[in-house]
Amino acid sequence: MYKTSSDRRFQKTKAEIRRAYLDLVVEKKSTKVSVAEITRRADINRMTFYDHYDVVEDIVDEFVDSMVEEAQSIMAERGDADPEAFFAVLNKMMFREIDFFRFSAQSEAGSRLRFSFRKAIKHMIRVDFADSAPRSDLEKEILSDIISAAVAYAYLDWLAGDYGDIPLDDVMKVIRDPTSHTLISFHTGPADEPDAQES
């Protein structure tokens, strides 16, 4: 479990710990990073680390949670659930730590981040697009599962190099239309069933 506080010094130390962890993962090409390595890199002592985190893995959980909070804040400032803005926010945050995301997508050791990334996308969809939707909770759950899986795997497969040298924008164009249609449908509700007699 990670600790939280509004104290600026606490937040600054936490940012330094996270930076040390992310850099070490990329440099070592491994998520097996010790508390000792992090404390040396961040120039803090072990007690300070444990004042902020219980275990190293908590850093990944907080990293993803902070991305979700930032994305929701940006989307809330816009005042609408715009699918284009949703993808732009995801892209911006991912490119900020592109080396870490790329390693995580390519490595079995990055499975925790991959799971958290999909979960974060699903959470953003539910909060930003589904609150006022005229759908049942079950419909929202199923649709957010479908969208988050499609978006997360498109990003992760691109990061892993599965699509070759294609730019991310080209990948997003492929999934943008069907995904945007589904995101928008959160607000409009289920489409009217087509008349079975129509051809």
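Reader: Is lysine 14 buried or exposed?

Author: Lysine 14 is buried, with a relative accessible area of 2%, where buried means under 20% relative accessible area, exposed over 50% and partly exposed in between, computed with a 1.4 Å probe on protein chains only. This is a predicted model, in which local features need pLDDT of at least 70 and side-chain atom pairs count only at pLDDT 80 or more, while totals for chains, interfaces and linings use all residues. Residues are numbered from 1 along each chain as its sequence is written, and side-chain values use heavy atoms, with hydrogens and water left out.

Reader: And what is lysine 14 in contact with, leaving aside neighbours within four places in sequence?

Author: Leaving those neighbours aside, lysine 14 is in contact with Tyr2, Lys3, Thr4, His52, Tyr53 and Glu62, contact meaning heavy atoms within 4.5 Å.

Reader: Which helix is it in, and what else is buried there?

Author: Lysine 14 is found in helix α1; helices here are DSSP runs of H or I with at least four residues, strands are runs of E with at least two, and both are numbered from the N terminus. The buried residues of α1 are Phe10, Thr13, Lys14, Ile17, Ala20, Tyr21, Leu22, Leu24 and Val25, and they pack against α2, α3, α4 and α6.

Reader: What does threonine 13 touch?

Author: Not counting residues up to four places away in sequence, threonine 13 touches Ile44, Thr48 and His52, and threonine 13 is itself buried, at a relative accessible area of 17%.

Reader: Stepping back, how many helices and strands are there?

Author: The protein chain has 9 helices and 0 strands, and of its 199 residues, 45% count as buried. Among contacts between residues at least 6 apart in sequence, 65% join residues at least 24 apart.

Reader: Which residues have the most contacts inside the largest nonpolar core?

Author: Those are Tyr21, Ile38, Phe49, Ile121 and Tyr155, in a core of 52 residues; a nonpolar core is a set of buried Ala, Val, Leu, Ile, Met, Phe, Trp, Tyr and Cys residues joined through side-chain atoms within 4.5 Å. Helices α1, α2, α4, α5, α6, α7, α8 and α9 each supply at least two residues of this core. Tyrosine 21 touches Thr31, Val33, Ile38, Val56, Ile59, Val60 and Phe100, again not counting residues up to four places away in sequence.

Reader: Which residues line the largest pocket?

Author: The lining consists of Asp61, Val64, Asp65, Val68, Phe115, Ser116, Lys119, Ala120 and His123, and its largest share, 5 residues, comes from α7. A pocket is an open set of points on a 1 Å grid over the protein atoms alone where a 1.4 Å probe fits, with protein on both sides within 12 Å along at least five of seven lines, and lining residues have an atom within 4 Å of a point.

Reader: Last one: where is serine 180 found, and how far is its C-alpha from that of phenylalanine 86?

Author: Serine 180 is found in helix α9 and is buried, with a relative accessible area of 11%. The C-alpha atoms of serine 180 and phenylalanine 86 are separated by 9.5 Å, although the two residues are 94 apart along the chain.
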